[in-house]
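Hi,

Here is the structure I promised to pass on.

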Amino acid sequence: MSDDRKSPFPDAQSDRSRAEHIPQTPQTRSPSYKLAFADNEFMLRDELRPVRLQLELLKPQLLLDEKGIESTIVMFGGARIPSPENKHQARTQTLADLSHFYDEAREFARLMTQKSLESSCRHNVVVTGGGPGVMEAGNLGAVDAGGHSIGLGIVLPHEQAPNSYVTPDLSFNFHYFAVRKMHFLMRARAITVFPGGFGTLDELFESLTLIQTGRMERVPFILFGRAFWEKIINWEALADAGTISDQDLDLFRFVETAQEAVEIIENWEPAPARETLPDRDI
């Protein structure tokens, strides 16, 4: 980060450096003497959670701003979906059958990254969760096009390092799921969802809820694989029951190929956030 500050006071980095070179005495060795912002144990206290939430929101925001990234193409999808060449290793036949969506995700990311390069990677930058499966395919597609992509990782007990196709200085790691999901959507120009499990469903429904309730402007919301989504979610039953409106079924589109998704995004006319909820009287 560049330091263009005009303050007459010492900057925090300089003071931290000075504090590291003070004489060692019982007083200076005490944890109480450490600068608060340089004291890891202090920063990890439960009482500091509000500060950590703010920092986790702010760090990616500042770094993405410094890169000039203004809009993103969100790619949600399952970590367990293999590439076609590895589908023989899939845990179930269904996962093996879904492997073609790896290639569609890769091609979609390639096509969108080509568009991104037209704006010097300021717009339409692909963002994934940074992991394997569909996420890896999205980051790989950006590499195929010679562009950049973002990876928003999360600390999990079983999670490995980010996939090797995420642009290194656009690879982020999160402690808070909620803040991570905010960063997925804050710059979203379009949201795509490939077949996946609990995590993908969580991302799908939270994003849809924000649009349904008018908390977020409408953007292209694209589900890859109609057969998969209609098998696991009875959308019509929700509308028939009245728990959602018939108009809510128009908030998303089904596609099977990368090209179909690109055409929806390119032909999308901006739509404002909803001001009312259809069929909601209370």
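**Strand 1 and its neighbours**

V74 stands opposite V127 in strand 2. That contact belongs to a parallel pairing: strand 1 (residues 72-76) and strand 2 (residues 125-128) run together over three bridges. Keep in mind throughout that this is a predicted model.

Strand 1 also pairs with strand 5 (residues 188-193), again in the parallel sense, with five bridges between them. In that pairing M75 sits opposite T192 of strand 5.

How many residues of strand 1 are buried? Five of its five, so to speak mostly covered. Side chains in a regular strand alternate between the two faces of the sheet. Here, T72, V74 and F76 point one way, while I73 and M75 point the other way, and all of them are buried.

**Aromatic pairs**

Now to the rings. A pair of aromatic rings is described by the distance of the centres and the angle of the planes. The count comes to seven aromatic pairs. One of them is F228 with W229: the ring centres are 5.0 Å apart and the planes lie at 85 degrees, over the 60 degrees cut-off, so this pair is edge-to-face. F228 and W229 are both buried.

Another edge-to-face pair is F252 with F254, because the planes are at 80 degrees, with the centres 5.6 Å apart. Both of these residues, F252 and F254, are buried too. They also belong to a cluster, in which ring pairs link F205, W235, F252 and F254.

Cheers

How values were computed. Residues are numbered from 1 along each chain as its sequence is written. This is a predicted model: local features need pLDDT of at least 70, side-chain atom pairs count only at pLDDT 80 or more; totals for chains, interfaces and linings use all residues. Side-chain values use heavy atoms; hydrogens and water are left out. Rings of Phe, Tyr and Trp (its six-membered ring) pair if their centres lie within 6.5 Å; planes under 30 degrees apart count as stacked, over 60 as edge-to-face and the rest as tilted. Buried means under 20% relative accessible area, exposed over 50%, partly exposed in between (1.4 Å probe, protein chains only). Helices (H or I, at least four residues) and strands (E, at least two) are DSSP runs, numbered from the N terminus. Two strands pair if DSSP finds at least two bridges between them.
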